[in-house]
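Thanks for asking me to look this over with you. Please open the sequence and the structure side by side before you read on.

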Amino acid sequence: MATTTRLKYVINDDKALIDAVNAWLSWLIYEKRGSKHTSQSYQRDLTAFIAFIADHMAGPPTLTDLAQLRTTDFRAWLACRAASGMARSSTARALSVVRSFFRWSARNGICTNAAVLTIRTPRQPRAIPKPL
């Protein structure tokens, strides 16, 4: 699976990170049997996260940089999404995508970051019951 032009621009040709993202996307498609639309959405969410980290760190991130992210970095990303008006459900999905990438990369010995697992998923608003 080919990475998007935006991802290559954000990563700045860090071959290790590009290979890791491509391998993760292939795993989603071929082993998890994800649909084309799911893989495209996941790729968009992961690319947006990496783009935020690139801006946050003032430079293109590497796998080593991703492994060294702290809880505050993930919270800054979530705060940025909230400030831009993203729905909590969209943010929850994006966080799930990022967690999935880090879990997969840890299982495959590519990159480990325990901080992402400590972040809570944004609470979804509960609908008020309607009278009968």
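Below are my numbered points, which go through the helices, their contacts and a few single residues.

1. A word on the ground rules. This is a predicted model, in which local features need pLDDT of at least 70 and side-chain atom pairs count only at pLDDT 80 or more, while totals for chains, interfaces and linings use all residues. Residues are numbered from 1 along each chain as its sequence is written, and side-chain values use heavy atoms, with hydrogens and water left out.

2. Let's begin with helix α3, which covers residues 36-57. Helices here are DSSP runs (H or I, at least four residues), numbered from the N terminus, and strands would be runs of E with at least two. The expected span is 1.5 Å times one less than the number of residues.

3. Now look at which parts of α3 are hidden. Its buried residues include Leu-46, Phe-49, Ile-50, Phe-52 and Ile-53, and Asp-45 is also one of them. Buried means under 20% relative accessible area, exposed means over 50%, and partly exposed is in between (1.4 Å probe, protein chains only).

4. Next, the pairing of α2 with α3. Helix α2 (residues 15-31) and α3 cross at roughly 155°, and their axes come within 10 Å. That angle makes α2 roughly antiparallel to α3. Axes are lines fitted to C-alpha atoms, for helices over the stretch in contact, and angles run from 0 to 180 degrees between N-to-C directions. Angles under 35 degrees count as roughly parallel, over 145 as roughly antiparallel, 65 to 115 as roughly perpendicular, and the rest as oblique. From α2, the contact uses Val-21, Trp-24, Leu-25, Leu-28 and Ile-29, and from α3 it uses Ser-39, Tyr-42, Gln-43, Leu-46 and Ile-50. Contact means heavy atoms within 4.5 Å. By class, this contact has 8 nonpolar, 2 polar and no charged residues. Here Ala, Val, Leu, Ile, Met, Phe, Trp, Tyr, Cys and Pro count as nonpolar, Asp, Glu, Lys and Arg as charged, and the others, Gly among them, as polar.

5. How do α3 and α5 pack, and at what angle? The angle is about 110°, with the axes 11 Å apart. The two helices are therefore roughly perpendicular to each other. On the α3 side, Phe-49, Phe-52 and His-56 make the contact, and on the α5 side Asp-73, Phe-74, Ala-76, Trp-77 and Cys-80 do. The classes here are 6 nonpolar, 1 polar and 1 charged.

6. Helix α5 also packs against α6 (residues 88-107), at an angle of about 150° and with the axes 10 Å apart. These two are therefore roughly antiparallel to each other. Phe-74, Trp-77, Leu-78 and Arg-81 of α5 meet Ser-90, Thr-91, Ala-94, Leu-95, Val-98 and Phe-102 of α6. The residues of this contact divide into 7 nonpolar, 2 polar and 1 charged.

7. Is Arg-81 buried or exposed? Arg-81 is buried, because its relative accessible area is 9%. Leaving out residues up to four places away in sequence, Arg-81 touches Met-86, Ser-90, Thr-91 and Ala-94. Arg-81 and Phe-49 are 32 residues apart in sequence, and their C-alpha atoms are 9.9 Å apart in space.

8. Helix α6 can be checked for length too. Its 20 residues should span 28 Å at 1.5 Å a residue, and the end C-alpha atoms are 28 Å apart, which agrees. Among the buried residues of α6 are Ala-94, Leu-95, Val-98, Arg-99 and Trp-104. The buried residues of α6 pack against α2, α3, α4 (63-67) and α5.

9. Finally, please check some backbone angles. Arg-33 has a positive phi near 60° although the residue is not glycine, and Arg-33 lies in the loop between α2 and α3. Arg-33 counts as exposed because its relative accessibility is 70%. Ala-58 also has a positive phi near 60° in a residue other than glycine, and lies in the loop between α3 and α4. With 73% relative accessibility, Ala-58 counts as exposed. Just after α6, Gly-109 takes a positive phi of about 70°.
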